[in-house]
Amino acid sequence: MFPWKSTLVIDNLALRAKYLQLTDQFIKEISAGRLAPGQKIPGTRQLASLLDINRKTVIMAFEELEAQGWLDIKSSSGTYVSMKLPITIADNITTSAVPYDNFNIRLINNYDFIPAYEPIPPASINIDGGSPDYRLAPIDWLFKECRSISKSKYGQRLLAYGGVKGNEDLRQALTKYLRETRGMTLSKENILITRGSQMGIYLAMSGLLKPGNNAVFGSTSYDAAEWAASNSQANIIRVNIDEEGIDTDHLASICKQQKVHLVYVTPHHHFPTTVTLSNERRIHLLQLSLKYKFIILEDDYDYDFHYASNPILPLASLNTGGNVIYIGSFSKIFAPNVRVGYLVANKEVIKNLSRLRRIIDRQGDQIMQSAIAESITSGELNRHLKKSLNVYRQRRDSFSKLIDSEVSDYASYKLPEGGMAIWCEFKGLQLAQLKPIINSKGLYMDIDPDLSVRFNALRLGFASINEKEQKKAFEILGPAVKQLASLTSF
Ligand SMILES: Cc1ncc(COP(=O)(O)O)c(C=O)c1O
């Protein structure tokens, strides 16, 4: 006898209609072979009373199941599981359905080298690793623009499938913008619109590296770029980093010993230490790339936020050999959730990588891309950049004063010329132990599990929290650091 009462359970609080809940459960039991083809189902009255539900609910479920071909309702003799179904009787009809996580799928590729990402609880105070303050962004303007674009006759077309290289208006606007702001020589055909820098990094590493190729990264570097290279099974080689950025003499000695295929750099400003790549090193790096024929992947995520002077021209603008691939993003300018970035390279690379993009994401958000194009041409982008640059400069200064007043006995740093974070080295305490102490008081920090152990250092993001929030954060961080230092000295 089939255990109707214990198997078919209706949740009175669920959003899904009761007759559909019943339908779903019948389908599961039939598909799993626990209700066999030809098996007689209790009548609607009997089932309704067994399950303690309205008979109408059962009638509706049976009608639905009949319409979908699971049940045959015969007016003369009753209701049966359809004989047409290619299902055999299960060995043990009382076995319950297999929970999703028990499905035995064998993983071919393992992504354990990419640590799980744990978002920070929303209500807490947060010192991140260097994110923008989305509260400053002209979000109203952007979304109003998206709305009016999608309602216009011209813009409506962007709701359809479009080109894989990205929105034409944005590619056009960026061509002019990158020429004017960064001195780059390019045409629209050199631009591929991506979903943020990360997609550009992934596309470049996937499309330009073969398994076993040598990819050079700084001894400290942006981990998500390294993961993209590891995903292409490239061999990762580390080059020294100092106060002027990557040590190009060291790179030259590496190039003499082995073939280098790609060098990943964040010259403006080095991730994570925030130093700016010096002019001498820039020129040397470009010379080496010509001599040894390697690709420079220039991730210019921080270009717009330089406080010491005007932004420094990217390597891509000095590029005489055509072997610099340049990556930029609007996620740092507006908000991390604005997933629009771009990759600049020669036409052949753009053509090829846009094909790869097509199988990952098809085309991206053309309406948002068009709104960003409008922000460039209307001047909205520049107004926002001017405002946020000033705010972030002030926040950098107030944050550094708080380090000086609250934790200077245990922390040392150099004021960064730009970016959104201060690279801070700690002494006399183990950073890994800081987390539980501050978390219990409501403060969360981006304590990188690798960098915090290798260098006992942190990227302290100052841009996303205002001065009041910074003060609150240090009211927790200051005593926590002192407490930890006193424990360590015992
Ligand atoms: C050095 C570096 N590159 C790239 C990214 C990714 O940026 P996006 O949000 O544009 O993908 C980040 C994000 O923090 C970063 O720090």
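**Ligand shell, sheet and helix packing**

Biologist: Which residues are around the ligand?

Modeller: G196, S197, Q198, Y222, T266, F271, D299, Y301, S329, S331, P336 and G341; a residue is near a molecule if its C-beta atom, placed from the backbone, lies within 6 Å of it. This is a predicted model, in which local features need pLDDT of at least 70, side-chain atom pairs count only at pLDDT 80 or more, and totals for chains, interfaces and linings use all residues. Residues are numbered from 1 along each chain as its sequence is written.

Biologist: Which helix gives the most to this shell?

Modeller: Helix α8 (residues 196-208), with three residues. Helices are DSSP runs of H or I with at least four residues, and strands are E runs of at least two, numbered from the N terminus.

Biologist: What makes β1 and β3 a pair?

Modeller: Two strands pair if DSSP finds at least two bridges between them. β1 and β3 (residues 78-81) have two bridges, in the antiparallel sense, so they pair. In β3, Y80 is the bridge partner of K40.

Biologist: Why are α2 and α4 called oblique to each other?

Modeller: Angles under 35 degrees count as roughly parallel, over 145 as roughly antiparallel, 65 to 115 as roughly perpendicular and the rest as oblique. Helix α2 (residues 18-31) packs with α4 at about 50°, their axes 8 Å apart. Axes are lines fitted to C-alpha atoms, for helices over the stretch in contact, and angles run from 0 to 180 degrees between N-to-C directions. The two helices, α2 and α4, are therefore oblique.
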